[in-house]
Structure formats: C-alpha cells, structure tokens
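Try each one before you read its solution.

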Amino acid sequence: MATPTMDSIKKKMQAMKLEKENAIDRADQMEQKTKDLEDKLKLAEEENTGLMKRISQLDTDLDKAQETLAEVNGKLEAANKTSADAELEVSALQR
C-alpha cells in the first residue's frame with residue numbers, strides 16, 4: 001500500500017511529465033513556425049532581389065530612352081532651323 005507522500009510524489013511526477021511533453025510539443029510547433037517564416041523570408045528576399053534587378057534594368061532603359069529623346073529633339077531643332085532658314089532664303093529670292 002502506497003503512502004500519501006508516495007502518492008503525491010507520483011502525481012507530481014506525472015504532472016511534470018505532462019508539462020514536459022506539452023513544452024516539447026510547443027517547442028516543436030515554434031520550431032516549425034520559425035522554419036515556415038524563414039522559408040517565407042527567403043522567398044521574399046529572392047523576390048526583392050528580382051525586383052531590384054528589374055528596377056535597375058528599367059533605370060538603364062529610361063536613361064537610354066532619355067538620351068535618344070534628347071538626340072532626336074536636337075535633330076528636330078536643327079531640321080526646324082534649316083527649314084526656317086530655307087523659307088527665309090526662298091522668301092528673300094522671291095522679292
């Protein structure tokens with residue numbers, strides 16, 4: 001026959017065992033959540049890297065387009081000036 005002290009020790013040991021198992025379960029859950037979040041972070045970082053490369057490429061494309069626009073505008077101005085000069089010459093010759 002077990003003594004009351006022995007029964008209380010057994011109950012305490014069972015409670016501690018259950019508490020330990022619950023703590024292990026919680027730790028496992030947290031480790032899985034951590035892994036899931038780390039995977040999510042890795043994907044987000046990869047996506048960010050891809051977007052940064054795309055932004056860089058778009059910046060390069062924009063610079064090239066602006067250079068081309070400036071060049072074409074310069075040519076247009078020169079053509080307009082040439083046209084205006086030619087019109088003045090024609091006008092002067094017709095007098």
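**Exercise 1.** Find how many helices and strands the chain has, and decide whether it is compact or spread out.

*Solution.* Start with the secondary structure: there is 1 helix and there are 0 strands, counting DSSP runs numbered from the N terminus (helices are H or I, at least four residues; strands are E, at least two). Next, take the radius of gyration, calculated over C-alpha atoms. The chain's value of 40 Å is well over the 12 Å that the globule rule gives for 95 residues, so the chain is more spread out than a compact globule. That rule is 2.2 Å times the number of residues to the power 0.38. Finally, look at the box filled by the C-alpha atoms, roughly 135 × 15 × 10 Å along the principal axes.

A word on the model: it is predicted, with local features needing pLDDT of at least 70 and side-chain atom pairs pLDDT 80 or more, while totals for chains, interfaces and linings use all residues. Residues are numbered from 1 along each chain as its sequence is written, and side-chain values use heavy atoms, leaving out hydrogens and water.

**Exercise 2.** Work out what percentage of the residues count as buried, then classify Met 13 and Glu 31.

*Solution.* First the cut-offs: buried is under 20% relative accessible area, exposed is over 50%, and partly exposed is in between (1.4 Å probe, protein chains only). Of the 95 residues, 0% count as buried. Met 13, in helix H1, has a relative accessible area of 54% and is therefore exposed. Glu 31 also lies in helix H1, which covers residues 4–93, and at 53% Glu 31 counts as exposed.

**Exercise 3.** Locate the salt bridges and say how far apart the partners sit in helix H1.

*Solution.* Look for a side-chain nitrogen of Lys or Arg within 4 Å of a carboxyl oxygen of Asp or Glu. The whole structure holds 3 such salt bridges:

- Lys 35 pairs with Asp 39, with the closest N and O atoms 3.1 Å apart.
- Glu 71 meets Lys 75 at 3.4 Å, N to O.
- Asp 85 pairs with Lys 81, again with a closest N and O separation of 3.4 Å.

Now check the spacing. Lys 35 and Asp 39 are 4 residues apart in helix H1, so about one helical turn separates them. Glu 71 and Lys 75 are likewise 4 residues apart in this helix, about one helical turn. Asp 85 and Lys 81 are also 4 residues apart, about one turn of helix H1.
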